[in-house]
Amino acid sequence: MATCKFFFTIFLIIFPSFLLKSDARGEIAVYWGQNEQEGTLTKTCNTRRYAYVNIAFLSTFGNGRTPKINLAGHCDPDSANGCRRVSNGIKNCQGQGIKVMISIGGGDGSYTLTSDGDATAVADYIWNNFLGGWSNSRPLGDAVLDGVDFDIEQGQGGSPHYAALARRLSAYNNGRAGKRFYLTAAPQCPFPDHWLNGALRTGLFDCVWIQFYNNPSCEYSSRYRGGFRRAWRQWTSSIPARKFFIGLPASRSAAGSGYISPGTMRSEVLPFLKGFEGYRGVMLWDRYNDVQSGFSSAIRGSV
């Protein structure tokens, strides 16, 4: 009997650790929308590889401009039906428990915020046209997206106004019945980010997927790991966010620099990242390049 009690006690000690490991499994986020050869949104989510899909991009907004999406060859927002058919794909993804965000900004586009009032107007447009508000001209149809992703890479003096944008969007979560939506961001890895520092310091962002590519000073390098490790430590210790993701190109051709092979990810990078409480997964640019390389499949079991 004493032997049975001993083993039962050991079981109680060890069993929770298995649960913790299961719960701690990381997630993969991906950008979709900038290459029609990547397949539909439905096909993307049906792979079950991704926990988050960022629809890229709402690339025109601010300074009095009429906001406009650009989904490359997937659809023409200026045509009669625009991009409303994407609504079916959004609902399919959400039906599988996948969060679908509208990503604003991008590397190319025509956007900026010139004042807090400008930010408020853009936030109201996003709420009414992509989230839980109402508009008779919703660009992606009647689907209600799960949140807004900030991928801000241009504009003059935008940092304080993106904080105002985040606050206005977050205010829609307060005092309203219905589903909660999320704020995410994709800053560049040099700290602090030139455009999003003020917004990120509000503490309103759920996920931060840091772009560790096209930035040699803080990218991972097998020859010198110090810059990458310092940057990760600084981001995760300085920004009040719930989840941090390493953002990477999904293939060598997806970015000018910063690609890490799946083997190196599994053997060197992911073990380092998992030592940090805030680590939650990997963000990939983008779905098209992931289709070509199979990157997400190669790392999924180790994320």
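Tutor: Residues are numbered from 1 along each chain as its sequence is written, and side-chain values use heavy atoms, without hydrogens and water. In this predicted model, local features need pLDDT of at least 70 and side-chain atom pairs count only at pLDDT 80 or more, while totals for chains, interfaces and linings use all residues.

Student: What makes the contact of E27 and K243 a salt bridge?

Tutor: A salt bridge requires a side-chain nitrogen of Lys or Arg within 4 Å of a carboxyl oxygen of Asp or Glu. The N to O distance for E27 and K243 is 3.5 Å, so the pair meets the definition. E27 lies in strand 1 and K243 in strand 9, so the bridge ties together parts that are 216 residues apart in sequence. Helices (H or I, at least four residues) and strands (E, at least two) are DSSP runs, numbered from the N terminus.

Student: Why is K243 called buried?

Tutor: Buried means under 20% relative accessible area, exposed over 50%, and partly exposed in between (1.4 Å probe, protein chains only). K243 has 14% and is therefore buried.

Student: What makes E27 partly exposed?

Tutor: Its relative accessible area is 24%, so E27 is partly exposed.

Student: Why does D206 count as buried?

Tutor: D206 has 3% relative accessibility and therefore counts as buried, whereas R180, at 42%, counts as partly exposed.
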